[in-house]
Amino acid sequence: MHPAKILATALLAVGLPLSAHASADLAKSKNCMACHSVDKKVLGPSFKDVAAKYKADKGAAAQITQSILKGSSGRWGGIPMPPNAVTEAEAGTLAKWVLSL
């Protein structure tokens, strides 16, 4: 296992937050960057656009976590987002990272 994954897993296991860098690495390792970018639209919206859309929504982290886990369609146009091969903890970490941008 890659050292960064070992560190991320250990931090998640003890409940410590991951750094923004670690979360960006997680997004890359889970192929999120194939369809998204931090600051520009690719196939899906930029992560900063997602953060802006949900900044006032207190339930956003849970909603985005579920979208990552189960996929979604119709929120950002006609291209659906498929479910991602991540754990619930990884999806939660990614959702919180996106909302922090």
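Reader: Why is W97 called buried?

Author: The relative accessible area of W97 is 5%, and buried means under 20% (exposed is over 50%, partly exposed in between, with a 1.4 Å probe and protein chains only), so W97 is buried. The model is predicted, so that local features need pLDDT of at least 70 and side-chain atom pairs pLDDT 80 or more, while totals for chains, interfaces and linings use all residues. Residues are numbered from 1 along each chain as its sequence is written, and side-chain values use heavy atoms, with hydrogens and water left out.

Reader: What makes the pair of F47 and W97 edge-to-face?

Author: By the rule for Phe, Tyr and Trp rings (six-membered ring for Trp), centres must lie within 6.5 Å, and planes under 30 degrees apart are stacked, over 60 edge-to-face and the rest tilted; this gives a count of 1 aromatic pair. The ring centres of F47 and W97 are 5.3 Å apart and the planes stand at 65°, so the pair is edge-to-face. F47 belongs to helix α3 and W97 to helix α5, so the pair ties together parts that are 50 residues apart in sequence, helices being DSSP runs of H or I with at least four residues, numbered from the N terminus. F47 is buried as well, with a relative accessible area of 7%.

Reader: How do you know that K53 lies over the face of W76?

Author: A charge sits over a ring if NZ of Lys or CZ of Arg is within 6 Å of the ring centre and within 35 degrees of the ring normal; K53 lies over the face of W76, at 4.4 Å from the ring centre.

Reader: Why is T65 called buried, and which residues is T65 in contact with?

Author: T65, in helix α4, has a relative accessible area of 9%, and therefore T65 is buried. Leaving aside neighbours within four places in sequence, T65 is in contact (heavy atoms within 4.5 Å) with E88, A91, G92 and A95.

Reader: What makes N31 count as exposed, and what is the phi of N31?

Author: N31 has a relative accessibility of 56%, and so N31 counts as exposed. The phi of N31 is positive, about 65°, although N31 is not a glycine, whereas most residues other than glycine have a negative phi. N31 is placed in the loop between α2 (20-29) and α3.

Key: Helix = DSSP H or I, 4+ residues; strand = E, 2+ residues; numbered from the N terminus.
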